[in-house]
Amino acid sequence: NLKNINVEIPINKTTVITGVSGSGKSSLAFDTIYSESRNRFTESFSTYARRMMSKVKKPELEQCSGLTPAIAVRQTRFKKNPRSTVGTVTEVYDLYRLLFSRFGKDTNDKPTYLSSSMFSFNKLEAACDECKGIGTIISSDPDKFITSPHKSLIDGAMDGTSPGKFFGDKNGQYINTLLRVGFEKEIDFSLPYSALDETSQKIALFGSGSQLFDVEWNFKRGNRTGIHRMTTTWQGLVNYLNEGYEIKRDGKRGEAFKPILTELLCEHCHGTRYKSNILEVKFAGLDIAELSEFSISGAIEFFKKIEIKLSSSEYAKCKSTIQQIISKLIPLDNIGLGYLSLNRATYTLSGGESQRLRISTQLVSDLCGLTYVLDEPTVGLHSYDTINLMKAVDSLKNNGNTVLIVEHDPDVISKADYIIDMGPGAGNQGGKIIAQGSLSEIERNPKSVTGRFLKIRNNYHHRDVSKAKSAISIIGGSANNLKNIDIEIPTNCCTSITGVSGSGKSTLVFDVINASFKAGKAINCKKITFNNFDSISVIDQQQIGTSPLSTSATYTGLFDLIRDKFAKQKDSINRGFKKSNFSFNSKEGRCPVCKGMGNIKVSMDFLSDVWTVCDTCHGNRYKDSILGVKLLGRSIIDVLNMEVNEALELFTLDPNITNILQVLKDIGLGYIKLGQPTNTLSGGETQRLKLATELIKETGSNCLYIFDEPSTGLHMKDVEKLISVIN
């Protein structure tokens with residue numbers, strides 16, 4: 001939505017691009033500046049690679065001068081690879097392995113001289129045989145697959161999930177084997193699961209060892225019936241479900257098992273990932289798993305004091321390696337990640353943590369002459385940690401780089417050398433530079449919305465909490481770094497849980513409160529009491545869908561109403577088109593080449609995959625015959641390409657549609673397009689879309705809403721809107 005803008009950005013300075021959500025900040029920073037830099041870089045590729053890259057949309061600009069090679073550091077989370085840890089991605093773990101291979105000692109206090117690869121949990125000879133070096137195992141969870149504990153295992157206790165229903169089939173081999181086990185061990189499995197004693201539950205779940213049972217039962221499969229006989233052991237429902245998942249995990253049927261699975265610490269290696277002989281090798285009294293458990297801050301402290309734990313000759317030999325380790329750890333600590341342990345899996349990091357981890361690796365690389373484009377690096381940061389982040393950004397700048405930051409945080413904006421304020425509104429109402437210059441110039445500019453909020457940002461006011469009622473009471477909250485806390489949270493009001501990064505906010509909210517409510521019992525605490533809540537709704541920043549087939553309109557239910565209207569048009573009736581014809585998910589109406597996505601994914605081998613516009617439908621998703629049907633002069637794709645604000649004007653006479661659109665507008669999403677894929681939304685936009693969907697439901701129930709940093713990605717003006725919606 002950039003409106004033919006001209007802009008000059010100072011070199012070797014820190015520039016913040018700010019403005020209301022949807023005003024064009026990312027379009028300028030990523031889709032124009034970074035995209036043009038990438039475009040110039042690809043000109044050095046082979047003819048084959050350039051031919052493929054030519055399908056990628058070029059940045060829309062007439063001229064760009066003075067641009068240096070650019071690196072984009074986005075908020076994208078690391079892929080879910082359990083073998084990727086904070087230590088491996090920062091290469092600190094490589095130095096740890098080097099340390100143990102050169103200076104490690106065995107149980108007799110003698111040098112081992114093993115190769116550094118032997119201290120890698122990815123090497124078969126070193127990794128635990130049970131978990132293959134991951135430290136955890138995936139197992140079915142009785143709390144998840146026994147969905148109705150008030151029923152018996154043989155009569156519906158597991159019917160709440162499809163795997164549970166299959167293994168709980170009273171006409172199947174598993175339940176009939178269980179009945180035989182019960183007969184021989186004098187256990188009545190017709191009792192409700194919750195009424196069984198601990199021993200009986202353990203046999204049902206984990207088996208009865210090597211004992212053989214002669215089983216005979218009448219089976220029924222569709223119209224087929226008969227008698228089955230077999231002699232077998234009883235391995236337990238947990239093990240049978242685990243076996244079923246292992247067989248089907250790589251196919252679509254494996255998805256059905258996901259809701260009943262949990263991650264457990266490997267009992268064989270106790271989460272260390274290694275064989276016992278590797279853990280016998282010590283450095284300064286610690287094995288490599290124990291050293292990896294240290295937080296980044298803890299590791300720095302350990303290595304700074306290491307000289308007193310080693311002899312003078314030992315320290316002299318390993319001093320150089322230790323100095324390299326410290327030099328890699330300090331930037332991580334300075335950027336506000338000191339609380340992370342080196343063995344923390346990267347897929348568990350938030351988008352903000354992932355971005356700061358990537359920034360820290362750039363600090364270590366010590367490159368100069370680059371343009372760094374950062375995407376709201378303060379996401380998930382307490383204001384205390386923001387100070388350290390800006391020190392890291394200053395380090396990049398002082399190395400001779402240009403730093404470009406898309407940001408809303410007033411502290412970051414205030415510390416920038418130069419500010420570009422986009423606006424004045426969002427979507428079609430944005431895309432212009434309404435103010436630019438230093439902080440004082442922005443604050444004095446009457447056109448700058450950001451400047452107005454920067455001037456009044458310290459005028460806080462207290463809220464009326466007189467309507468607050470009896471509390472959610474928690475006793476002995478203990479999980480991760482929660483220290484056996486007791487707390488009462490008032491209801492009928494909005495409570496904010498804050499604190500520096502890693503202080504336990506998410507643990508309290510998700511691992512104690514949310515987990516306890518869903519389980520119907522105290523989880524990670526001694527006791528918890530809820531005040532008559534009927535339901536709980538978690539509105540987080542997790543992406544909605546991973547393909548272009550999930551859109552803002554489909555997620556909110558809006559698209560169903562719009563397709564209904566198209567199906568009722570005269571042209572649709574005459575051509576025999578039904579509601580399904582107007583879905584880009586159905587064969588009847590979608591483009592047969594791109595399957596309704598409008599884009600086609602192109603594999604780039606050594607580069608990440610790219611999406612290109614479909615040559616057949618030219619991004620319109622549908623067959624031409626479907627696009628020929630008009631509603632109020634618009635085709636179905638015209639409507640999908642509309643912003644929420646535009647659609648409100650088009651459907652003004654249809655309250656069912658406008659009610660949904662109005663909620664989206666009120667929550668600050670008036671600028672997003674109805675057909676915008678949900679996987680392109682930011683974390684903050686995703687969360688607001690989820691909130692809008694909850695508001696649309698209007699259940700009227702006594703619901704506990706949990707928000708995960710809902711102001712992420714929001715300008716100060718949009719935060720005002722969000723607060724009014726929450727109120």
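**Notebook: charges and cysteines**

I'm working from a predicted model, where local features need pLDDT of at least 70, side-chain atom pairs count only at pLDDT 80 or more, and totals for chains, interfaces and linings use all residues. Residues are numbered from 1 along each chain as its sequence is written, and side-chain values use heavy atoms, with hydrogens and water left out.

I looked up Lys328 and found it bridged to Glu91, with the closest N and O atoms 3.7 Å apart. Lys328 sits in helix α13 (residues 312–337) and Glu91 in the loop between α3 (86–89) and α4 (92–103), so this pair ties together parts 237 residues apart in sequence. Helices here are DSSP runs (H or I, at least four residues), numbered from the N terminus. Lys328 is buried at 17% relative accessibility, while Glu91 is partly exposed at 44%. For these words I use under 20% relative accessible area for buried, over 50% for exposed, and partly exposed in between (1.4 Å probe, protein chains only).

I also noted that Asp394, Lys397 and Asp417 are linked in a network of salt bridges.

Next I checked the cysteines. How many disulfides are there? I count zero, with a disulfide being a pair of cysteine sulfur atoms within 2.5 Å. For Cys594, the closest cysteine sulfur, in Cys617, is 3.7 Å away, which is too far for a bond. Cys614 is in no disulfide either, as its nearest cysteine sulfur, that of Cys617, is 3.8 Å away. Cys614 is buried, at 1% relative accessible area.

Technical notes: Salt bridge = Lys/Arg side-chain N within 4 Å of Asp/Glu carboxyl O. Helix = DSSP H or I, 4+ residues; strand = E, 2+ residues; numbered from the N terminus.
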